[in-house]
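Q: I have a structure open here and want to talk through a few spots in it. Can you take my questions one at a time?

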Amino acid sequence: MNDIIKMSKLYAPTLKETPAEAELASHILLLRAGMIRKTAAGIYTFLPLGWKVLHKIETIIREEMDALGSQEIVMPALQPSELWHESGRWDDYGPELMRLIDRHDRGFCLGPTHEELVTSLVRNEVRSYKQLPLSLYQIQIKFRDEIRPRFGLLRAREFVMKDAYSFHSSQESLQEHYDEMSHAYGRICERLGLEYRAVAADSGQIGGSVSTEYMAIAESGEAELVYCECGYASDTEAACVKIVVIPNTAAELTLVETPNIGTIAALAGFMGVPENATVKALSCKDKDGKVTVFFIPGDHELNDIKAEHAVEGFEFLTDGEMLDAGLCKGFMGPVGLPEGVRVVADVSLKDSASWLVGANKVDYHYQGARCGVDFTVDAWEDLCTAKPDDMCPTCGKTLSHARGIEVSQVFQLGTKYSTAMNASYTDEDGTEKPFIMGCYGVGVTRSLAAVVEQYNDEFGICWPVSIAPAEVAIVPLTIGDDIVTPVAQKIADELRQAGIEVVLDDRDERAGVKFNDADLYGWPYQIVIGKRGVTNGEVELKVRATNEKISLPLGDACATVIKLVEEERAKFVH
Ligand code: ATP
Ligand code: MG
């Protein structure tokens, strides 16, 4: 049973003013409510209340991981560089990796993630398929030297992550564990009270892999997502949506003079057509310097990650390189391109009978350029970043857009690390095979901040009961008298006996100060006890989620509050 938290002893200094560096509600309120303090850019200390919340989030995550048979370990934060050389990530990871050198001149890093370490651990111990599958997790501090640490705990340089890694002897076994993990990640969001969406994520450099991100819905989120009522949801970056293009009506190739038309908007205006009736061209080279021109609907943007999938090592051409390649900047088109230039077009343009596109001649465009007649396309690819009005690839309805905070991600790694690091087991048929791996990360401190982003109002934080630093606050309006004080103590004791987490504001402060603090700290239920009320046999209950105030008969107060808290708790346990 928890002790009653006494406000007079609690180290939770509040701030009246909004700290200058904080922009987002979670950052402002966690600082103002004395839950965290900044040590350096992106590095925070957790004070007792913040620590309690963090601990509760960790408990929820532990329960979910233990329930699916993942076993808790703790790996060191300090990792030898050799392991990162083996995986190739010492060079690939870039300046986000915090590197250091010990007194013997040996290289180390402060782990941003633990694939290398866990792979080296398991390759030395697990030899046979009989020992698989194996799933390990830890809750530990991670380090990433983010270029722009900001938004408090949301993008920090030192943060807490729960990271799990699984090892399998078959794709089916990985899929099974991945599904269980995905399910657990959804439950974790629900138990934290987060409104969230699971979205298909970009698989980054590891093309073809499967990955899902869990996004807490928030206007302040850095991520953009699209979703549909049919269940489809994706990170905007990764979404392969259906794009509507307006087919051009011109039946045959016609050269049109378009003087001083340098942009898509200007071209659309000049021709009197919507922007999605035009075709935009962008030139690039691949890792060997071979030139490609991308063609995409005029109203869309080329997505860098998709471009990289289509053209390995993709880099835009400079003006000089365009000249050298014989390309006409601002007026490129597929008809009459120089010999050897590859044409890669967005799949949506297949639906366009003819294109309104550059004519490879300054101040000229073609209308009615027909694929297969006037030009050919070397490859059709999904190239664009999704936009509002794009359609669901599953059911064809118009997609909805939202912003979100990525709180967690699950990933099928396959054999990327086990192959690079020679981590293999002996299979049933006696052959050596690399482990098939999955990895699964929850941003623990980021989740905490995401909850505050969703649960706040102008007065402060409104913690969901599942992770509130305490469930009920007792706020006596006078201290040291023989009317209010004994009643407050009695209610606090009775609630505590019933297993409720109680905070007692026993400070000799003005009522207004206590009310403001109680709202700022975000106690879900607040019982206000005053002399007049006690004399009349009543206390006041404030429900923080709604700021509703209810008068309760003194005799029923505890039973009512216990019932409310228990009902509220039950909402978070499924
Ligand atoms: P982002 O794209 O936001 O930088 P990421 O995709 O690089 O994150 P992962 O490698 O997937 O992050 O790490 C797992 C989880 O760790 C993320 O889902 C996120 O919740 C958390 N996380 C990552 N970077 C940070 C950070 N700088 N501060 C706080 N939490 C973070
Ligand atoms: Mg991620």
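**Around helix α1**

A: The buried residues of α1 are covered by elements that include β2 (36-40), β3 (43-46), α11 (444-454), β26 (456-457), β27 (460-461) and α13 (511-521). Keep in mind that this is a predicted model.

Q: How many of the residues of α1 are buried?
A: Seven of the eight residues in helix α1 (residues 25-32) are buried, and the helix is mostly covered.

Q: Which ones are they, the buried residues of α1?
A: They are Ser-26, His-27, Ile-28, Leu-29, Leu-30, Leu-31 and Arg-32.

Q: And what follows α1?
A: Gly-34 follows α1, and its phi is positive, near 65 degrees.

Q: Changing topic. What coordinates the magnesium ion?
A: Glu-406, through OE, and Gln-409, through OE1, coordinate the magnesium ion (ligand 2) at 2.0 to 2.2 Å.

Q: Is Glu-406 buried, exposed or partly exposed?
A: Glu-406 has 26% relative accessibility, so it counts as partly exposed. Buried would require under 20%.

Q: Now helices. At what angle do the axes of α12 and α15 cross?
A: Helix α12 (residues 484-497) and helix α15 (residues 557-571) have axes that cross at roughly 40 degrees and come within 10 Å. That angle makes α12 oblique to α15.

Q: Left-handed or right-handed crossing?
A: The crossing of α12 past α15 is right-handed.

Q: Which residues meet there, between α12 and α15?
A: From α12 there are Ile-491, Glu-494 and Leu-495, which meet Cys-558, Val-561 and Ile-562 of α15. By class, the contact between α12 and α15 has five nonpolar residues, one charged residue and no polar ones.

Q: Where does Ser-120 lie?
A: Ser-120 is in helix α5, which covers residues 115-123.

Q: Why does Ser-120 count as buried?
A: Ser-120 counts as buried because its relative accessibility is 13%, and the cut-off for buried is under 20%.

Q: What does Ser-120 touch?
A: Leaving out residues up to four places away in sequence, Ser-120 touches Leu-83 and Met-421.

Q: Last topic, the whole protein. How many helices and strands?
A: The protein has 15 helices and 32 strands. Its C-alpha trace spans about 95 × 65 × 45 Å along the principal axes.

Q: What percentage of the residues count as buried?
A: Of the protein's 574 residues, 53% count as buried.

Q: And what about the contacts in sequence terms?
A: Among contacts between residues at least 6 apart in sequence, 70% join residues at least 24 apart.

Technical notes
Residues numbered from 1 in each chain as written. Chains lettered and ligands numbered in written order. Predicted model: local features only at pLDDT ≥ 70, side-chain atom pairs only at ≥ 80, totals over all residues. Heavy atoms only, no water. Helix = DSSP H or I, 4+ residues; strand = E, 2+ residues; numbered from the N terminus. Buried < 20%, exposed > 50% of the residue type's maximum accessible area, 1.4 Å probe, protein only. Contact = heavy atoms within 4.5 Å. Axes fitted to C-alpha atoms, helices over the stretch in contact; angles between N-to-C directions. Parallel < 35°, antiparallel > 145°, perpendicular 65-115°, else oblique. Left-handed = near helix turned anticlockwise from the far one by under 90°. Nonpolar A, V, L, I, M, F, W, Y, C, P; charged D, E, K, R; others polar. Donors = N, O, S within 2.8 Å, 3.2 Å for Na, K, Ca; no water.
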